[in-house]
Every structure is written in structure tokens, then in C-alpha cells.
Amino acid sequence: MNHSSQRILTTHAGSLPRPDDLIDLNRARQAGEGKDEAGYQRRLSAAVTDVVAQQQAAGIDVPGDGEYGKAMGQRINYGAWWSYSFQRLGGLVLGTEIYKVPPRRSEAGQVVLTSFSDRRDRQLFPAAYGDPHSGVSTVPPGSGGMKLPVCTGPLTYTGHAAIRADIAHFKAALAATGIAEGFMTSIAPGSASRIGNEHYPSEEAFLYACADAMREEYLAILDAGLLLQLDDPSIAENWDMINPAPSPEAYRKFSMVRVEALNHALRGLPQDRIRFHLCWGSWHGPHVTDIPMREIVSVMLAVNCQAYSFEAGNVRHEHEWRVWEDVKLPPGKIIIPGVVSHATNVVEHPELVADRIERFARLVGRERVIAGTDCGVGGRVHPQIGWAKLQTLAQGAALASQRLWK
């Protein structure tokens with residue numbers, strides 16, 4: 001993949017704002033009302049070309065397809081990066097709504113994930129999470145959220161037609177804009193497996209089944225000449241879903257099983273065309289139960305890829321740039337720190353963005369930093385604000401480049 005050889009390059013974490021008419025089409029399709037598949041694909045292709053051109057105009061060097069093939073049926077959506085996989089994996093049936101799943105308790109020597117409604121952050125701030133006007137709640141009043149599937153048979157990848165369409169739309173957009181390099185996201189097995197399992201004999205067996213199934217999507221993206229980004233918030237976010245909290249050592253052991261499953265899926269694939277995205281979840285909550293980056297940076301670096309995208313621009317994690325004072329980035333690796341955030345409507349000043357970039361560049365080397373976003377801005381902030389954040393990202397990178405290459 002390209003690196004910052006002459007200036008700081010820019011990219012982002014994946015999700016970008018969808019056009020309102022595409023959201024309407026997705027909503028109709030999800031309700032079983034969308035019958036014109038050819039017409040839908042034409043509109044989707046045009047939307048992807050538009051979003052790539054918008055990224056180019058904003059100053060983004062390594063664009064994505066905005067995750068437009070991961071359907072959002074409403075403007076505010078925190079889960080499309082994950083729920084799209086429910087339609088691309090065979091052996092699943094829809095089960096309970098996400099916030100109605102019963103909690104589970106961990107015990108000494110046995111770390112298990114609890115339910116989303118039992119997250120420790122939610123338990124500490126129940127009034128805020130329960131108030132639909134707080135800006136914290138992630139579901140409409142009275143809703144139990146999206147339905148989580150349950151695996152009831154052998155897990156298979158059934159998304160071949162969907163990923164072919166995604167790739168075709170994105171490659172056409174890259175060709176139309178003259179951009180040589182772009183990335184496409186795909187869910188990692190650690191996050192894909194956070195659903196029910198009634199078929200496989202163990203959690204680990206289910207993880208590896210997810211890895212084998214999703215590998216087909218990874219291969220398709222790489223074979224098309226695109227960069228592959230693996231989305232795996234679970235590596236950081238699972239900490240908040242273990243109740244009571246385990247020791248950091250127990251959590252790292254629990255997480256490494258997920259990294260090993262991902263590396264199994266990546267076996268033999270070109271690391272220099274793969275990047276990994278880690279975050280603490282994109283919802284706008286307090287996040288006081290986020291695990292510190294220092295406790296999991298070794299887990300992140302164990303992923304067999306070249307570049308690591310992670311949150312570094314929001315008020316809970318910005319201070320963690322200091323981790324890289326003590327942690328040595330392995331040879332040949334690149335970091336993509338978030339220097340603008342999805343977690344605030346305030347648009348960062350270009351000077352602040354430049355300061356954030358320079359901190360990392362001075363610690364790991366300017367050629368090993370690509371400027372990114374904390375998480376996807378699509379579905380998390382207003383579209384106008386999201387695009388303004390990408391513009392200020394590019395402006396800040398230009399300022400940092402002037403100083404770092406002077």
C-alpha cells in the first residue's frame with residue numbers, strides 16, 4: 001500500500017454519509033418492497049462514484065466506497081458495518097432483538113461476553129442510555145434494536161454476488177476519478193461471531209468457522225486489486241461486554257483467540273495490502289469503561305497486516321499517543337491514527353489535526369503515519385459535518401507535511 005513518502009497521506013475508517021434517496025431505497029428493500037434490483041444497483045453504482053469523487057475533492061488520498069454496499073435504512077445507524085454480514089453468511093436464522101438478549105456473567109477462569117444491554121458503561125449511566133433525548137441512546141423508544149441471528153447449521157459464505165457488485169461499483173468509481181488505490185472494509189471473525197451459536201461445539205470452533213467463511217470475502221477484495229480493511233471493534237469493545245471486568249491479562253488471552261482466528265483467515269494473503277481497524281465502538285456514550293490502549297496494543301500488533309487504524313482523536317483516547325513512546329512499531333508497519341472524530345459535532349481545527357499528526361510522526365517516523373478518522377462518520381454525525389471533518393483532516397495533513405518535510 002502507499003505510504004507517506006513525501007507528505008502525510010490521508011484516509012478514513014470506512015463508513016461515509018449515504019444520500020437520502022439511497023437510504024430510502026434500502027429501507028424499502030429491508031421491508032421487502034424493493035423489486036427493481038437492476039435499478040437499485042444502477043443507483044448504488046452512481047452513488048459510489050459520487051462518494052469517491054467527494055472524497056477526492058475533500059483531499060482524501062486513499063478513499064473507500066463509503067461502505068455503501070452495507071445497507072443503511074436510516075440516517076443514524078451504528079451497526080451496518082456488522083449487520084451486513086447477517087445477509088452474507090449461510091446457516092443463520094434471525095433470533096432475539098439485540099437489547100433483549102439476557103445477560104451472562106463471567107467467573108474466575110471463564111471469560112464470556114454478556115449482552116449488549118448489560119454493558120458496564122450502560123450500567124453506570126442507565127438514565128442517560130435510557131433517555132431518547134440524551135444523544136446517547138442507540139435505539140428508538142420501545143425498540144429492542146436489530147435482531148441478532150443465531151447459527152443453527154454449518155456456516156458458509158453466501159455473499160458472492162453482493163461482494164462482486166460492491167467491487168464492480170467501487171472499481172468503476174476509482175476508474176472514473178483516476179484514483180489508483182482504494183480500500184474496502186470487511187468484518188473480522190471476532191466481531192462477526194458476536195451472535196448466537198447453536199451448532200458448533202465451542203466458541204472457538206464457531207470463531208474459526210466465521211474465519212473460514214469470511215476469508216472468501218477477503219480473497220475477493222484482494223483479488224480485485226483493492227486494499228482490504230478488517231473491521232474488528234470487538235478487540236477493544238469486548239472489554240465493556242464482560243461483566244464483571246476481568247483482569248487485563250485474562251482479557252488479552254480472551255482477545256488473542258480472536259486474533260489467531262483472524263490470522264487463520266489471512267493465511268497466505270499479502271500483508272502489505274491489508275489494514276486493521278480497531279475502535280471502542282462508535283456510539284456516543286460516556287465510554288468510561290473503555291480498556292486503555294496500552295493494555296491491548298500488543299494484541300492489535302499481533303494481527304498479520306501492514307497498517308493499523310485506531311481511535312486517537314476523541315476525548316477518551318487522545319492522550320494515548322504516549323503509548324508509542326514505549327511501544328516500538330515493528331519494522332515495515334504503518335499506523336493510521338484517528339485525528340478527527342465521529343464522537344463530536346465540533347469540527348476539529350486544521351492546526352489541532354496537524355498537532356495530532358506530528359505527535360505520532362515524531363514517535364514512529366513520518367513515513368509510517370497515514371492520517372485517518374477515529375471511526376466511520378457515516379451514520380454517526382450529520383452528513384454536512386462528516387464531510388467538513390474530512391476536509392479539515394486533509395487541511396491538517398497538509399500543514400503537518402509542511403512542518404515535517406521542511
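How many aromatic pairs does a search of the whole structure find? The search finds eight. The model is a predicted one. One of the pairs, W82 with F116, is stacked. Seven strands form an open sheet with parallel pairing.

**The W82–F116 pair**
- The ring centres of W82 and F116 are 5.6 Å apart, with 25° between the planes.
- The pair counts as stacked because planes under 30 degrees apart meet that cut-off.
- W82 belongs to helix α3, residues 80–83, while F116 sits in the loop between β2 (89–97) and α4 (120–124), so the contact ties together parts 34 residues apart in sequence.
- W82 is buried, at a relative accessible area of 3%.
- F116 is buried too, with a value of 9%.

**Around the pair**
- W82 and F116 belong to one aromatic cluster together with W81 and F86.
- R194 lies over the face of W82, 5.7 Å from the ring centre.

**Another charge over a ring**
- R258 places its charged end over the ring of F254.
- The distance from that charged end to the ring centre of F254 is 3.7 Å.

**The sheet**
- The strand order is β1-β10-β9-β8-β7-β6-β4.
- β1 (9–10) and β4 (183–187) are the edge strands, and each pairs on one side only.
- β1 runs parallel to β10, residues 370–373, and two bridges join these strands.
- T10 stands opposite A371 of β10.

Definitions and conventions:
Residues are numbered from 1 along each chain as its sequence is written. This is a predicted model: local features need pLDDT of at least 70, side-chain atom pairs count only at pLDDT 80 or more; totals for chains, interfaces and linings use all residues. Side-chain values use heavy atoms; hydrogens and water are left out. Rings of Phe, Tyr and Trp (its six-membered ring) pair if their centres lie within 6.5 Å; planes under 30 degrees apart count as stacked, over 60 as edge-to-face and the rest as tilted. Helices (H or I, at least four residues) and strands (E, at least two) are DSSP runs, numbered from the N terminus. Buried means under 20% relative accessible area, exposed over 50%, partly exposed in between (1.4 Å probe, protein chains only). A charge sits over a ring if NZ of Lys or CZ of Arg is within 6 Å of the ring centre and within 35 degrees of the ring normal. Two strands pair if DSSP finds at least two bridges between them.
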